[in-house]
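Subject: The structure, and what turned up in it

Hi,

Here is the structure I promised to pass on. Have a look at it first, and then read on for what was found in it.

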Amino acid sequence: MDLELLKRLSQADAIAANEQEVRDIILDHARRRQKTVLFDGLGSVAIRLNESAGPKVMICAHMDEVGFMVRNISNEGAVEVIPIGNVRMLARFMQPVRITTAGGAKVGGLLDGDLQGAEAQNLRVDIGAASAREAAAAGVAIGDMVTFATPFQRLPTAGRVMGKAFDDRLGCWLLLALLDALERQPLDAEIWLAASSSEEVGLRGGQTAARMIKPDLALVLDTACWAKNFDFGAANHRQIGAGPLLVMYDKTLVPPRRLLRWIQDTALRCAIPLQTDMFSNGGTDGGGIHLSDAGVPTAAIGVPTRHGHCAASIADLGDAERCLALLTALVTGLNAETYRRLTDFSC
């Protein structure tokens, strides 16, 4: 596994509509392999893996992470911020963060706020300034991106890693790993690898990228965690180390039963452990993609994590490798006849 690539993706900073650091990594990967690249109007990246007369498949992961944006700078030098995406409430207190200035400089600071009941209010970053002039001298301005400053690291348990923005840089890693694995392999379907913008603020880039690609079928790559991180019982279908996750239902998408069965049968045939789960809240880019044009059969799979929408997540590298193996098996096994069987609603 290319751990250095995952580290670069994790440590890149990218909130909704400000994703250039991640986009640059993805574009460099695609251009070195001389692949056709398209952009939608939001900045989503679509890479054509191959040309084929078979069904067109979109595989999508989002580039943005939850974070903050500078809203104001007080006379006392406090950098006031607002959340961009659903940052976990407890992660809004006493966290090291970094501000990315318009010029690309990184300014470190400490995120804090006021606790009002169960809510975090008046969020601000302390960069050590004592006046608005000192904050401005550091290059900080309204509209700047603020992200957690968590370093990527290997943990003592074999195969476990921790870092920020695994939602959804693990998905972005899978896109690029799939590009490497299949770039020269003959395929009976045309594969488009899409890195979407602004998923964390309303599943936006997946919708616009789908309208551009016009896929016949879509697979969305995302992550999920269980509320109780050390619950290893039967209720937890998002355990790290237990294989990739197939989402059978969420608030935005109910995948077609035949598509789910095809993914499950492929995992079984390839001896890939597959967890299945249903989400009572939230959704993925699949919520927008499957409603594109006359409807696109769509399912979401991905790598489970511990912790989410906070300063750091923990993942198992074996889950990522098994997810890549499943994606490879799905893509190489898809042809016109497979697609016909998946979408024949007459029987």
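Let me begin with a charged pair: Asp 180 and Arg 33 form a salt bridge, with their closest N and O atoms 2.7 Å apart. By salt bridge I mean a side-chain nitrogen of Lys or Arg within 4 Å of a carboxyl oxygen of Asp or Glu. Asp 180 sits in helix α4 and Arg 33 in the loop between α2 and β1 (36-39), so this pair ties together parts that lie 147 residues apart in sequence. Helices (H or I, at least four residues) and strands (E, at least two) are DSSP runs, numbered from the N terminus. Asp 180 is partly exposed, with a relative accessible area of 32%. Here, buried means under 20% relative accessible area, exposed means over 50%, and partly exposed is in between (1.4 Å probe, protein chains only).

Two notes on the source. This is a predicted model, where local features need pLDDT of at least 70 and side-chain atom pairs count only at pLDDT 80 or more, while totals for chains, interfaces and linings use all residues. Residues are numbered from 1 along each chain as its sequence is written, and side-chain values use heavy atoms, with hydrogens and water left out.

**Asp 13 and its charged partners**

The structure holds 19 salt bridges. One of them joins Asp 13 to Lys 164, with the closest N and O atoms 3.1 Å apart. That pair links distant parts of the chain, since Asp 13 is in the loop between α1 and α2 and Lys 164 in the loop between β11 (160-163) and α4, 151 residues apart. Both Asp 13 and Lys 164 are buried, and for Asp 13 the relative accessibility is 1%.

The side chain of Asp 13 also makes polar contacts with the side chains of Arg 98, at 2.7 Å, and Thr 147, at 3.0 Å. A polar contact is a pair of N or O atoms within 3.5 Å; within protein, one must be able to donate a hydrogen and the other to accept it, and residues adjacent in sequence count only if both atoms are side-chain atoms. Zooming out, a network of salt bridges links Asp 13, Glu 21, Glu 65, Arg 98, Lys 106, Lys 164 and Arg 169.

**Helix α4**

Helix α4 is mostly covered, with 15 of its 17 residues buried. At 1.5 Å a residue those 17 residues should span 24 Å, and the end C-alpha atoms are 23 Å apart, which agrees. The expected span is 1.5 Å times one less than the number of residues.

Asp 168 belongs to this helix, which covers residues 166-182. What is the nearest side chain of opposite charge to Asp 168? Arg 169, at 8.1 Å, so the buried Asp 168 has no salt bridge (Lys and Arg count as positive and Asp and Glu as negative, while His and the chain ends are not counted). A polar atom of the Asp 168 side chain does lie 3.1 Å from the backbone nitrogen of His 62.

Leaving out residues up to four places away in sequence, Cys 172 touches Leu 9, Val 22, Ile 26, Ala 61, His 62 and Met 63. Touching, or contact, means heavy atoms within 4.5 Å.

**The nonpolar cores**

A nonpolar core is a set of buried Ala, Val, Leu, Ile, Met, Phe, Trp, Tyr and Cys residues joined through side-chain atoms within 4.5 Å. The largest one has 61 residues, and those with the most contacts inside it are Ile 26, Ile 59, Trp 173, Ile 191 and Ile 263. Its largest share, eleven residues, comes from α4. Apart from it lies another core of 24 residues, among them Phe 93, Val 97, Ile 127 and Ala 129.

Helix α8 (residues 317-332) has 16 residues and reaches 23 Å from its first C-alpha to its last, close to the expected 22 Å. Asp 316 caps the N-terminal end of α8, with a side-chain oxygen 2.7 Å from the backbone nitrogen of Gly 318.

In helix α9 (residues 336-343), Arg 340 and Glu 337 lie three residues apart, about one turn of the helix. These two form a salt bridge, their closest N and O atoms being 2.8 Å apart. Arg 340 is partly exposed at 42%, and Glu 337 is partly exposed at 40%.

Happy browsing!
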